[in-house]
Amino acid sequence: MIWWQRVLALAGGLALIGFLVFNYRRLPAIWRGEQAPTLRNPLFTVYPRTYVSYLCFLTAFVGGFALFLISGSIFGVGSWARVLFNVSQWIMLAAVPTLVGHWVVNALNLPRALVPPAYRDKPGTIARRRFVRERRRAGRPPTDHLVEIREYRPPPEVATPYLEAICTDDECDWEADEPEAHPVHLQRLREKVAGHTDTVSPQLVVIHADGRRESMPLRI
């Protein structure tokens, strides 16, 4: 490996370590129950309640590859470079069982030690799907998630006020909107919400053009 390849390998390894550090810095806030976005990709989904198991997989996969690159960049400098290379292989092998473990936590919300305290009473994906089926059989909306209705008021020269309904559940990305904020549009939006849940916030959140937010009773 020539010098510039060693430099690239070292830079890549350090960048991956920086990526890991960035993800670990989010852990304390999620552990305390603060809101966090849901991460989705074709292989797995990361909810706030499964962030710890995700970090286990990420550490094995990304951390192992980072050590592999770093060991390659310093290969031949000392015998400990070979040790670092061997360690990276074992760490990367752990990516498979930790990925399976993440799937298990997603499905069952167990073991509790891997779930932040604020989310330990949440159902796993299997229980959530069973809950949805039971509600549908009972002729009810599929969820009992709290939905918040918002009215956006952009500058008049930009657009007219419009409505949006957003599900507040951590694991649900359901939303709906209406192009205007007239009562007829609010009623249409309420009908859309009723197809998702029977729990609606009694407060309408108004978001002004300057970012100011205020709440007022929701018009029926």
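For my class counts, Ala, Val, Leu, Ile, Met, Phe, Trp, Tyr, Cys and Pro are nonpolar, Asp, Glu, Lys and Arg are charged, and the others, Gly among them, are polar.

**Ground rules.** I am working with a predicted model, where local features need pLDDT of at least 70, side-chain atom pairs count only at pLDDT 80 or more, and totals for chains, interfaces and linings use all residues. Residues are numbered from 1 along each chain as its sequence is written, and side-chain values use heavy atoms, with hydrogens and water left out.

**Largest pocket.** I found a volume of about 410 Å³, taken as the space filled by probe spheres set on the points, which are joined across faces, edges and corners. I counted 18 lining residues, with R128, R129, V132, H145 and E171 closest to the centre. By class, I have 7 nonpolar, 4 polar and 7 charged. Helix α6 gives the largest share, 6 residues (helices are DSSP runs of H or I, at least four residues, and strands of E, at least two, numbered from the N terminus).

**Second largest pocket.** Here I noted about 290 Å³ and 16 lining residues, with C167, T168, D169, D170 and C172 nearest the centre. The lining splits into 6 nonpolar, 3 polar and 7 charged.

Key:
On a 1 Å grid over the protein atoms alone, a cavity is a set of points where a 1.4 Å probe fits but cannot get out, and a pocket is an open set with protein on both sides within 12 Å along at least five of seven lines; lining residues have an atom within 4 Å of a point.
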